[in-house]
Amino acid sequence: MSFSDELFDKQSCLAHAIMSCDDPIEISKLFNEYFFCAFQWYDLFAPHKVANKLNTLHFSFALFLETAGIADAAVTHGGRVPPTIDSVARVFRLFPPLKIYCEEHFLNGGVIGVLKYGASYPYGHDVVIPALKLIDE
């Protein structure tokens, strides 16, 4: 198994653990480990890019949203089962940085995300927006 395959498998396991977690301390530890893997992935496949904190943060959150099935083309097109809105809302409550990142990318047409990170999401609105609304209720 290649190093990139090992990283992918580890990230998938961590994303599953994060989506199942109910403890704010444990979820922070899991995200830290996930980010470490994402940074390794970034270094492996994007060595030409100048890694700054904003780029790596965006890359890490984007990779998590895809790996967890929250903003993933395979979910949108029926290839994978999406996470529940309740589970996404729980993760947002337990890990506010992800909630803030998603607010920037999914609310108000994703204008803040585009301006801040230069990107927006074509997938995930059907899960993220209801999850954000559920938290605000």
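The model is predicted, so local features need pLDDT of at least 70 and side-chain atom pairs count only at pLDDT 80 or more, while totals for chains, interfaces and linings use all residues. Residues are numbered from 1 along each chain as its sequence is written, and side-chain values use heavy atoms, leaving out hydrogens and water.

**Surface and interior**

- L44 counts as partly exposed because its relative accessibility is 40%; buried means under 20% relative accessible area, exposed over 50%, and partly exposed in between (1.4 Å probe, protein chains only).
- Together, F3, L44 and F45 make a nonpolar surface patch of about 290 Å².
- Such a patch takes residues with over 30% relative accessible area and no salt bridge, joining nonpolar side chains (Val, Leu, Ile, Met, Phe, Trp, Tyr) within 5 Å and like charges within 9 Å; accessible areas come from the Shrake-Rupley method with a 1.4 Å probe, and for residues only the protein chains shown count as cover.
- S60, by contrast, is buried, with a relative accessible area of 0%, and belongs to helix α3 (residues 53-67).
- Leaving aside residues up to four places away in sequence, S60 touches Y34, F35, A38 and F39, where contact means heavy atoms within 4.5 Å.

**Helix packing**

- Helix α5 (residues 85-94) and helix α6 (residues 96-106) pack at an angle of about 115 degrees, and their axes are 5 Å apart.
- That angle makes α5 roughly perpendicular to α6, a label for 65 to 115 degrees (under 35 is roughly parallel, over 145 roughly antiparallel, the rest oblique).
- The axes are lines fitted to C-alpha atoms, for helices over the stretch in contact, with angles from 0 to 180 degrees between N-to-C directions.
- On the α5 side V91, F92, R93 and L94 meet P96, L98, K99 and C102 of α6.

**Salt bridges**

- The count is 3 salt bridges, each a side-chain nitrogen of Lys or Arg within 4 Å of a carboxyl oxygen of Asp or Glu.
- K10 pairs with E33, with the closest N and O atoms 3.3 Å apart; K10 lies in helix α1 (residues 3-20) and E33 in helix α2, so the pair ties together parts 23 residues apart in sequence.
- R90 pairs with D22 at 3.0 Å between the closest N and O atoms; R90 is in helix α5 and D22 in the loop between α1 and α2, so parts 68 residues apart in sequence are tied together.
- K99 and E103 form a salt bridge with closest N and O atoms 2.6 Å apart, and both lie in helix α6, 4 residues apart, about one turn of the helix.

Terms used
Helix = DSSP H or I, 4+ residues; strand = E, 2+ residues; numbered from the N terminus.
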